[in-house]
Amino acid sequence: MSLLFSSTNRRAPSVDLKGALLQGQAPDRGLYMPERFPRLQPAELERFRAMPYATIAFEVLRRYAGDVIDEELLRTLCEDAYDFEVPLEPVRDRVHVMRLDRGPTASFKDFAARMMARLIGHFVRSDGRELTILTATSGDTGSAVASAFHGVAGIRVCVLFPIDEVSTRQRKQMTTLGGNIRTIAVDGKFDDCQAMVKRAFADEALAGVPLSSANSINIGRLLPQSVYYLYAWSRLAEPGEPLLVVVPSGNFGNMMGAMFARKMGMPLRRLVVPVNENDEFPKFLATTDYRKIEPSVACLSNAMNVGHPSNLARLVDLYGGQLDETGVVHRAPDFAAMRRDLFSSSVSDEATRETIRSAWERHGLLLEPHGAVGWRGLLDYEAVEPLAGAPAVVVETAHPAKFPDEIRKLLGIEPEVPASLARLDELPETYDRMGADYDAFREYVRTHYA
Ligand SMILES: *Cc1c(COP(=O)(O)O)cnc(C)c1O
């Protein structure tokens with residue numbers, strides 16, 4: 001028996017994990033959600049304490065996969081995907097920073113992308129098919145996805161990125177791969193790129209092109225992201241003890257991983273989801289009035305420059321509401337429950353810089369802008385509700401070496417560059433350029449992938 005996934009828009013048939021992974025977005029333009037959450041009993045959670053990361057990943061994912069994939073194969077894929085460390089750095093009292101930046105592209109997105117690439121590659125090959133992955137990125141998704149799928153047989157990848165919003169290293173992580181990976185630099189914002197990709201999925205004229213998405217709208221991106229919260233809990237909390245989790249957020253895919261972990265049985269004290277100056281979510285929580293931010297504000301934490309988070313529909317769905325892809329709330333979620341479970345503040349660029357400085361001076365904690373938004377979010381939360389000895393984890397989502405100029409300016413030090421990034425400086429780049437023009441993009445897809 002396999003667990004089924006249904007669309008948040010409720011007008012598409014339910015599918016199993018394979019169907020959800022290969023389709024990405026549901027045909028009614030909604031997002032897939034599990035119809036129920038597999039429950040981890042307290043005794044099972046206790047066993048996680050002694051398990052390596054890859055084994056916890058297997059234990060979590062097999063419960064969503066059911067019989068769509070052989071268990072031994074899944075175990076191998078997990079071990080292959082998670083062959084890097086997941087450091088939990090002690091900072092003060094029982095507060096830790098979890099560094100999710102040790103994968104090949106030095107961003108937390110490696111965790112999901114590497115698992116999803118292996119699963120999708122397996123499903124496509126076993127059907128004897130080919131598939132094109134279209135993805136929009138504001139910095140780190142594209143490189144994680146491109147790296148994860150690079151060289152995977154049966155899969156081609158096309159990444160769109162806003163030309164002026166990604167750093168040189170982020171760009172090079174995508175444009176130096178070649179092979180089955182194509183990249184398009186769009187003269188526009190991340191939201192334009194995301195809109196072009198979303199339209200392509202819904203476009204009748206492209207119905208003959210086998211397309212899928214690897215954005216955080218794909219449920220295959222979310223499930224692996226619940227694993228590191230369970231891992232952190234197993235290392236930092238006492239039996240049954242709730243953990244405070246802080247996730248700097250943009251499209252709200254990472255934080256949904258923590259919500260899923262909670263639904264599976266992980267004791268969660270509160271989920272703190274700070275954002276940058278794109279503050280539509282804390283405002284929504286405070287006022288119950290949802291207003292997307294168009295265009296999104298360009299902040300230092302560029303991977304979080306999102307004015308209408310694509311996973312918000314999933315969060316609203318968990319709380320009994322309905323939000324469609326255009327940002328219209330059809331049914332209000334239970335705001336009282338949302339406010340009990342979640343805390344969100346907006347962190348300005350100025351506060352982000354100040355936090356990078358103070359975390360370094362006070363704790364010797366090296367943060368890049370996204371992690372700094374996270375750390376500041378913890379401080380904002382503590383100002384309202386002191387931790388009082390409770391364990392907490394803040395996730396650092398990218399490696400500080402991805403933001404060398406900022407770190408140099410603020411701290412006067414040179415962050416050590418991981419080998420995976422250092423290599424990029426020598427490699428040649430290739431990418432195409434395009435305006436934020438859907439018709440041109442449709443032609444491009446037809447030319448290269450039909
Ligand atoms: C993508 C990204 C985020 C935001 O994650 P969401 O799942 O979109 O909320 C934060 N930090 C970094 C470095 C990222 O790449």
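## Burial and overall dimensions

In this predicted model, 64% of the 450 residues of the protein chain count as buried. The chain exposes about 16,300 Å², and carbon and sulfur atoms supply 48% of that area.

The C-alpha trace spans about 60 × 50 × 45 Å along its principal axes. For a chain of 450 residues, a compact globule would have a radius of gyration near 22 Å; the value for this chain is 20 Å, which agrees with that expectation.

## Secondary structure, contacts and charge

The protein chain contains 19 helices and 15 strands. Among contacts between residues at least 6 apart in sequence, 75% join residues that are at least 24 apart.

Charged side chains number 52 positive and 60 negative in the protein chain. The centres of these two sets lie 2 Å apart.

## Helix α17

Helix α17 comprises residues 404–411, and its buried residues are Pro-404, Glu-406, Ile-407, Leu-410 and Leu-411. These residues lie on the same side of α17 because they cover an arc of only 165 degrees around the axis. An α-helix has 3.6 residues a turn, so residues three or four places apart point the same way.

Asp-405 and Lys-409, on the other side of α17, are exposed. The cover over the buried residues of α17 includes two other helices, α7 (168–175) and α15 (349–363). After α17 comes Gly-412, which has a positive phi, near 70 degrees.

The loop between β14 (392–396) and α17 holds Pro-400. Is this residue, Pro-400, buried or exposed? Pro-400 counts as buried because its relative accessibility is 3%, against a cut-off of under 20%.

Leaving aside residues up to four places away in sequence, Pro-400 touches Arg-99, Asp-101, Leu-366, Glu-368, Ile-407 and Pro-415. One of these, Ile-407, is also among the buried residues of α17.

A further pair relates distance in sequence to distance in space. Pro-400 and Asp-110 are separated by 290 residues in sequence, and their C-alpha atoms are 16 Å apart in space.

Technical notes: Residues are numbered from 1 along each chain as its sequence is written. This is a predicted model: local features need pLDDT of at least 70, side-chain atom pairs count only at pLDDT 80 or more; totals for chains, interfaces and linings use all residues. Side-chain values use heavy atoms; hydrogens and water are left out. Buried means under 20% relative accessible area, exposed over 50%, partly exposed in between (1.4 Å probe, protein chains only). Helices (H or I, at least four residues) and strands (E, at least two) are DSSP runs, numbered from the N terminus. The arc is that of the directions from the helix axis to the C-beta atoms. Contact means heavy atoms within 4.5 Å. The radius of gyration is taken over C-alpha atoms; the globule rule is 2.2 Å times the number of residues to the power 0.38. Accessible areas come from the Shrake-Rupley method with a 1.4 Å probe; for residues, only the protein chains shown count as cover. Lys and Arg count as positive and Asp and Glu as negative; His and the chain ends are not counted. The place of a charge is taken as NZ of Lys, CZ of Arg, CG of Asp or CD of Glu.
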